[in-house]
Amino acid sequence: MAGHKVSALDIPRNAAVVVLTGAGVSAESGIATFRDSGGLWEQHRVEDVATHEGFVKNPELVWRFYSLRRKDALRVHPNPAHYAIAALEEYLADKGSFTLITQNVDGLHSRAGNKNVLEIHGSLFKTKCDNPRCPASETPFDDETTDYDALPKCEKCGGLLRPDIVWFGEQLDRVTEAKAMHAVGECEIFLTIGTSGVVWPVAGYSRLAYELGARTITANLEPPANVQNYREVYLGKAGEVVPMLLANVLND
Ligand code: APR
């Protein structure tokens, strides 16, 4: 599949826009994507570091893994794609509406200046109690610790703390998911950047937008698995393609 020729999108100032991002948008910042690494995350099996079963089996390993990922994310910087998406939010601020749904947990969109960000798979920089009967399990707190020397415990119940990441087999946060679905249902332009389109339920959002008549657009290194949901397909590196697509916004 060749993809469309990249040129500046015409986005009215009063448009309702949803941007959905995945690991590809952070690749040029130096954060490895998931499915390009042969199913291993930093040499670990996904089941060991990204499932609740893995956490119960070996919480030390899982905390070491996420501490390293925190360090990596703090070391890198947003790239031109992140900044162009931040400019889009500002461009729409007066008359339009803007929601950014990101599957990334690296915090780079907020660091680039985006405000209305739904971190639908959680955040590397939040921690919560792992005990579902403890109220603190519902209230993640900000946490940039990268060197826990013992397993961190909940102040309320004494149970183990865990990273606020949505692991495989877990439900999305209900409120975040409801906000995301609402924005997708209302949008006129749905722009996806840097996601393989294989992880559900988020991979289905483009279908919903498409069926409701939105202008669905994807910018990705290669055609995503759900490419049929997009009316426009732009292939290339996010750091190059996204600023070109949003040139009118950036020059405004
Ligand atoms: N520019 C644009 N796209 C890129 C770039 C780049 N520089 N580099 C890679 N890509 C594309 C890849 O071609 C791939 O289609 O980004 C996509 C990344 O896909 P994944 O690694 O599967 O990441 P993502 O879609 O975000 O994964 C979804 O899966 O493992 C879970 O919870 C995790 O949030 C993650 C979810």
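## Burial of N114

A residue is called buried when its relative accessible area is under 20%. In this predicted model, N114 has a relative accessible area of 4% and is therefore buried.

N114 belongs to the loop that runs between helix 6 (108–112) and strand 5 (117–119).

## Surroundings of N114

Apart from neighbours within four places in sequence, the residues in contact with N114 are H82, I85, A86, E89, F98, L100 and H109. For A86 there is also a polar pair: a polar atom of the N114 side chain is 3.4 Å from the backbone nitrogen of A86.

## The ligand and its pocket

The ligand takes up the space of the second largest pocket. Around the ligand there are 23 residues, of which A23, R35, H121, T195 and S196 come nearest.

An oxygen atom of the ligand lies 2.8 Å from a backbone N or O atom of A23. On the nitrogen side, a polar backbone atom of L221 is 3.2 Å from a nitrogen atom of the ligand, and a polar backbone atom of A238 is 2.8 Å from a nitrogen atom of the ligand. On its own the ligand has 740 Å² of accessible area, and the protein covers 95% of this.

Terms used: Residues are numbered from 1 along each chain as its sequence is written. This is a predicted model: local features need pLDDT of at least 70, side-chain atom pairs count only at pLDDT 80 or more; totals for chains, interfaces and linings use all residues. Side-chain values use heavy atoms; hydrogens and water are left out. Helices (H or I, at least four residues) and strands (E, at least two) are DSSP runs, numbered from the N terminus. Buried means under 20% relative accessible area, exposed over 50%, partly exposed in between (1.4 Å probe, protein chains only). A polar contact is a pair of N or O atoms within 3.5 Å; within protein, one must be able to donate a hydrogen and the other to accept it, and residues adjacent in sequence count only if both atoms are side-chain atoms. Contact means heavy atoms within 4.5 Å. A residue is near a molecule or strand if one of its heavy atoms lies within 4 Å of it. Accessible areas come from the Shrake-Rupley method with a 1.4 Å probe; for residues, only the protein chains shown count as cover. On a 1 Å grid over the protein atoms alone, a cavity is a set of points where a 1.4 Å probe fits but cannot get out, and a pocket is an open set with protein on both sides within 12 Å along at least five of seven lines; lining residues have an atom within 4 Å of a point. A molecule sits in a cavity or pocket if more than half of its atoms lie within 2 Å of its grid points.
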